[in-house]
Amino acid sequence: MSEIAPAVIHRAPTGFIRKWIFSLDHKVIGIQYYFLALLSVFIGMTLSILFRLRLAWPTEAWPLLGKIFPVGFEGGPMTPEFYLSMVTMHGTIMVFFVLTTAPQSGFGNYFLPIQIGAHDMAFPVLNMLSFWVTFVSLSVMVSALFVQGGAPISGWTAYAPLSALGQVAGPGLGLGQTLWIISIALFCIGSLLGALNFITTTINLRTKGMSLMRLPLTVWTWFTTAILALLSFPVLLAGGILLLLDRLGGTSFFIPGNLVVSDKAIAHSGGSPLLWQHLFWFFGHPEVYIAILPGMGVASQLLSTFSRKPIFGYRAMVYAIFAIGMLGFFVWGHHMFVSGLSPYSAIAFSLLTLTIGVPSAIKTFNWLGTLWGGRIRFTAPALFALGFVSLFVSGGLTGLFLGQTSLDLMLHDTWFVLGHFHMIMGVAAIFGIFAGTYYWFPKMFGRMMNESWGKLHFFLTFVGVYAIFLPMHIMGIMGHPRRYAQATEFKYLAATQPFHQFITIATLITAAAQVIFMVNFFWSLFKGSKAPENPWESTTLEWTVPSPPPHDNFGEKHPVVHHGPYEYGVPGASKDYVMQTDSPNS
Amino acid sequence: MGRLLGVLIGIITGVSVYLFTGRMGWFPEQISEYAPAIDQQFMRTLIVVGIAFVSAQIMLGYFVWRYRDRGRGEVVYTHGSTKLEVGLLILTTTVFVTLAVMGQKVWAQLHLQEVPADALQVEITGQQFAWNIRYPGPDGRFGRTESRLIDDQTNPVGMDPKDPASGDDIVSINRLAVPVGREVRLTLRSKDVTHSFFVPVLRIKQDTVPGMAIPLHFKAVKTGEYEIACAELCGLEHYKMKGYLMVMPQEAFEAWLKERATR
């Protein structure tokens with residue numbers, strides 16, 4: 001065990017700018033990340049509503065939207081290029097600036113140091129830098145919407161050579177695509193800095209008694225996620241730089257010879273389109289776990305807390321988290337079964353992919369085991385954690401179809417894939433974020449959120465997301481390829497149109513239900529009732545300090561840990577929970 | 001609250017099961033030699049997934065109903081059971097790996113098996129936003145192509161007129177005619193960006209990648225006209241990139257080729 005860090009590594013700032021803008025305090029940086037994600041999810045959701053309109057009613061003109069986006073609605077209905085740029089930006093913003101940012105950089109920054117009994121992150125300046133780099137990255141990304149030619153139309157995966165050739169290959173592939181790549185490269189740098197910080201902090205700054213097997217499972221997931229980020233983002237960064245060089249520097253990493261695009265010969269030669277896919281998915285698959293692992297941590301923490309029982313199989317959970325994280329690096333090829341990859345490699349990737357189902361099954365089993373024999377308190381955070389389990393099961397199991405080479409012949413790049421990954425890394429992860437928000441809001445802002453609104457928000461959203469994403473699987477089985485601006489060009493897709501309309505209506509209703517959350521959030525921020533130190537009767541360290549915690553979390557004293565993180569319902573104890581810091585014989 | 005959520009999870013489970021199994025006809029028609037095997041593997045997977053899905057969701061729904069806080073009673077204080085974890089580990093590993101192995105059979109037939117020597121050779125070159133289909137003609141050999149000779153109107157794949165083998169090659173746009181019951185060997189190419197050759201009724205999909213020539217084979221067993229879609233985002237009119245697979249009796253196919261050759 002290393003030396004405990006000094007009690008105060010930087011003093012509480014007094015000025016507004018050092019306190020709230022260029023802050024070194026991990027808690028403020030966590031909140032900054034959280035709000036960045038909140039803004040991003042609002043943008044991402046709005047974009048999805050726009051392209052859902054076109055999918056449901058492709059020939060309909062929208063005069064009001066035409067006034068707001070004159071180029072995107074030129075001639076009345078939404079243009080296909082506007083549709084594709086909306087799809088691209090929706091995917092990119094959601095994956096990077098919401099799913100990677102909120103659960104890891106937001107909650108992780110705020111609560112990892114407190115939960116391990118540290119006064120701050122190991123490298124506060126690096127922490128500040130990582131946020132501001134991410135902020136610049138988001139600004140660059142959003143600016144791509146407003147440049148000449150619009151945002152890129154190449155999807156969030158930006159497959160080369162479509163993304164490498166420039167304007168000649170399609171609208172938005174000029175400046176818009178360049179800005180997209182620059183933004184992603186910056187994001188990689190920000191995430192890399194954050195990951196270094198998380199790993200060092202977890203290893204070095206644990207307080208006395210906080211052994212590895214006493215870490216809350218949230219810490220285990222943030223720590224594992226940081227390792228994934230450390231190993232995967234540099235690969236995407238390299239890929240992004242090479243792609244930028246292909247576009248601006250005349251290199252040919254991803255562009256093969258003898259291409260003729262729109263009747264124009266392309267002067268590149270010698271590159272490989274598959275190289276981009278390997279680099280992208282070497283990052284892209286671990287990224288799925290970067291998005292979902294912290295949600296698993298939150299679900300574990302909350303299910304134990306609100307069923308008033310220890311987590312079932314703590315060690316098995318830790319091993320499963322690590323197994324998922326590490327296996328996640330050996331399965332990227334399952335995105336490429338039909339890409340021209342060697343069919344032998346595809347078989348190996350397929351077998352490895354299905355083994356990821358094993359630790360996932362163990363986690364689900366343990367969540368159910370935690371609920372079994374408990375006394376579940378149905379608070380808003382508990383509901384979202386339970387919803388997480390249901391969505392994780394639904395979204396995870398369809399992976400058993402897509403992980404098989406032969407079934408990918410039919411299902412790859414169809415709406416089945418969209419249903420699968422939205423269910424799991426989309427909404428399951430979002431439910432993790434909601435659960436974390438309702439649970440930690442009192443600690444972060446010192447006020448309680450409204451419980452009744454929270455419950456209403458849960459039920460509407462839970463039914464809503466199933467209504468949106470379940471039918472997508474069926475459309476995929478019918479053979480509907482993704483990223484089609486409309487399904488009406490093909491006879492065999494005629495039957496999918498009612499599905500599109502149903503999904504769009506469900507999207508509008510579910511999106512409207514998010515207003516309840518936003519109102520609750522901002523109302524509670526200013527008017528919510530004052531939060532006590534430990535409103536949920538939880539056991540981990542963040543609930544031993546005031547709400548919100550002071551600048552240095554624990555003041556001059558160091559907390560000493562005597563218990564595991566989930567000691568609920570201990571027979572013979574004076575109350576139904578034992579805090580980690582309670583004396584050894586309590 | 002617990003009862004409400006429990007019932008809701010039950011309803012969602014029921015609706016999901018009904019949606020996937022209530023109507024078996026979601027798949028498009030199947031007309032290839034391999035399609036039935038792929039559909040069978042899908043059904044096998046659906047059964048495994050269905051059992052896991054229903055048992056997990058129903059357990060979740062039942063537990064939230066049964067173990068809601070009623071203000072009395074003790075919780076079961078346990079930290080888990082290694083025996084159960086190991087049992088689950090063995091069970092899931094066995095089931096999932098078995099499923100994955102079974103899923104390789106059709107894949108191996110499609111990609112690793114030798115194609116009969118008398119298979120019909122066809123070359124397909126994707127471009128924004130059309131499929132160029134080329135037959136080698138009576139000599140059975142594809143003529144040389146060069147990218148600098150490509151002209152979208154007159155010479156879409158860039159055939160070299162100086163090569164004697166190219167004289168009898170037949171090029172058709174968006175129309176892939178094949179004889180019924182005969183093995184067809186495709187060579188998939190692209191001249192600009194990545195596309196994906198997707199024929200839902202054949203249950204096959206393969207990206208066409210610029211700079212690569214990717215082989216694929218199939219045997220259609222039912223005559224008719226079917227749609228070919230592009231399944232990889234290739235630009236603005238990706239959603240319009242449509243071709244037709246025309247499966248014909250042998251004589252009709254020969255007549256079609258002959259008619260094409262005289263153009």
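This is a predicted model: local features need pLDDT of at least 70, side-chain atom pairs count only at pLDDT 80 or more; totals for chains, interfaces and linings use all residues.
**Entry 1: a loop in chain B**

I began with Phe129(B), which lies in the loop between β1 (120–127) and β2 (130–135) of chain B.

Residues are numbered from 1 along each chain as its sequence is written, and chains are lettered from A and ligands numbered from 1 in the order in which they are written.

**Entry 2: the sheet around that loop**

Next I looked up which sheet β1 and β2 belong to, and found an open sheet of five strands in chain B, ordered β3-β2-β1-β5-β8 with mixed pairing. Here β3 (170–173) and β8 (214–219) of chain B stand at the edges with a single partner strand each, so one side of each has no neighbour in the sheet. From one strand to the next the twist averages 25°. Strands count as paired if DSSP finds at least two bridges between them. β2(B) and β3(B) pair in the antiparallel sense over four bridges, and Arg134(B) has Val171(B) as its bridge partner in β3(B).

**Entry 3: a hairpin in chain B**

I then followed strand β6 (residues 195–199) of chain B, which runs antiparallel to β7(B) and is joined to it by five bridges. Ser196(B) has Asp207(B) as its bridge partner in β7(B). Four residues lie between the strands of this hairpin, and Arg203(B) takes a positive phi near 60° there.

Is β7(B) buried or exposed? Five of the five residues of this strand (204–208) are buried. I call a residue buried if 20 or more other C-beta atoms lie within 10 Å of its own, exposed if 12 or fewer, and partly exposed in between, with C-beta atoms placed from the backbone. In a regular strand, side chains alternate between the two faces of the sheet. In β7(B), Ile204(B), Gln206(B) and Thr208(B) are on one side, Lys205(B) and Asp207(B) are on the other, and both faces are covered.

**Entry 4: helices of chain A**

Which aspartates have a positive phi? Asp263(A) has phi near 70°, and Asp413(A) has phi near 60°. Asp263(A) is in the loop between β1 (260–261) and β2 (264–265) of chain A, and Asp413(A) is in the loop between α15 (405–411) and α16 of chain A. Asp263(A) is partly exposed, because 13 other C-beta atoms lie within 10 Å. Asp413(A) is buried, because 24 lie within 10 Å.

I also noted a cis peptide bond between Ser547(A) and Pro548(A), with omega about -10°. Pro548(A) is in the segment after α18 (497–527) of chain A.

Notes
Helices (H or I, at least four residues) and strands (E, at least two) are DSSP runs, numbered from the N terminus. Axes are lines fitted to C-alpha atoms, for helices over the stretch in contact, and angles run from 0 to 180 degrees between N-to-C directions.
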